Amino acid sequence: MAWSAAWSAGAPTIDLRVLRARGPLAAAICCASVAASRLWSSTPFRPFFASISASPTAVVKKEAVQTEKAPAALGPYSQAIKVNNLVFVSGVLGLVPETGKFVSNNIEEQTEQVLENMGEILKASGATYASVVKTTIMLADLQDFKKVNEIYAKYFPSPAPARSTYQVAALPMNARIEIECIAAL
């Protein structure tokens, strides 16, 4: 990561990557000097802020998660992606992995299948339902909200993940429900 300091109203930006080569002490002294001179100068105070920008050499390790125990992705995306200590699970449908067809047209059965499929993806990534921190539920009909909640509650232990639920105009393959989630490892 590279640190840079900047002021509003067109003041100069100082790239501290140059100072890093001279040692951390030089960067610390520079930051302290610049901040102090701005805060205690006789000119009107302009907000000071520090920003972090990714260095061209920064590497993010991104790993695709794939399991045959859940339906394959329907397009150019992964079932899930692991990055750092997080898992991002793509939207999951109530498809039976072996057939690629919906378990039924029933909202309860589709919800159970969605959560079973999600559990397999989480397991393949090294996570569990307990490690899920955020879910997003998309429903074809918001009238199904109560039925979905009853099934959903059986899968996620307390404290339940943060969650958003939306009624959407349409879901892939005319699904009744789709759920995506983020889990911490």
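**Close-up views of a predicted model**

**View 1. Asp144 sits in a loop between strand S7 (132-139) and helix H4 (145-155).** The model shown here and in the other views is predicted. Asp144 has a relative accessible area of 4%, and because buried means under 20%, this residue counts as buried. Apart from neighbours within four places in sequence, the contacts of Asp144 are Ile107, Leu139 and Arg176.

**View 2. The largest nonpolar core has 26 residues.** Val89, Met118, Leu122, Phe156 and Ile177 are the residues with the most contacts inside this core. At least two core residues come from each of strand S6 (86-92), helix H3 (107-125), S7, H4 and strand S9 (177-184). H3 gives the largest share, 6 residues. In soluble globular proteins, nonpolar side chains tend to be buried together.

**View 3. Phe156 is one of the residues with the most contacts inside the largest core.** When residues up to four places away in sequence are not counted, Phe156 touches Leu115, Met118, Tyr129, Val132, Thr135 and Pro161.

View 4. Tyr77 belongs to the loop that runs between strand S4 (62-65) and strand S5 (80-83). Tyr77 counts as partly exposed because its relative accessibility is 41%, a value between the 20% limit for buried and the 50% limit for exposed.

Technical notes: Residues numbered from 1 in each chain as written. Predicted model: local features only at pLDDT ≥ 70, side-chain atom pairs only at ≥ 80, totals over all residues. Heavy atoms only, no water. Helix = DSSP H or I, 4+ residues; strand = E, 2+ residues; numbered from the N terminus. Buried < 20%, exposed > 50% of the residue type's maximum accessible area, 1.4 Å probe, protein only. Contact = heavy atoms within 4.5 Å. Core = buried A, V, L, I, M, F, W, Y, C linked by side-chain atoms within 4.5 Å.
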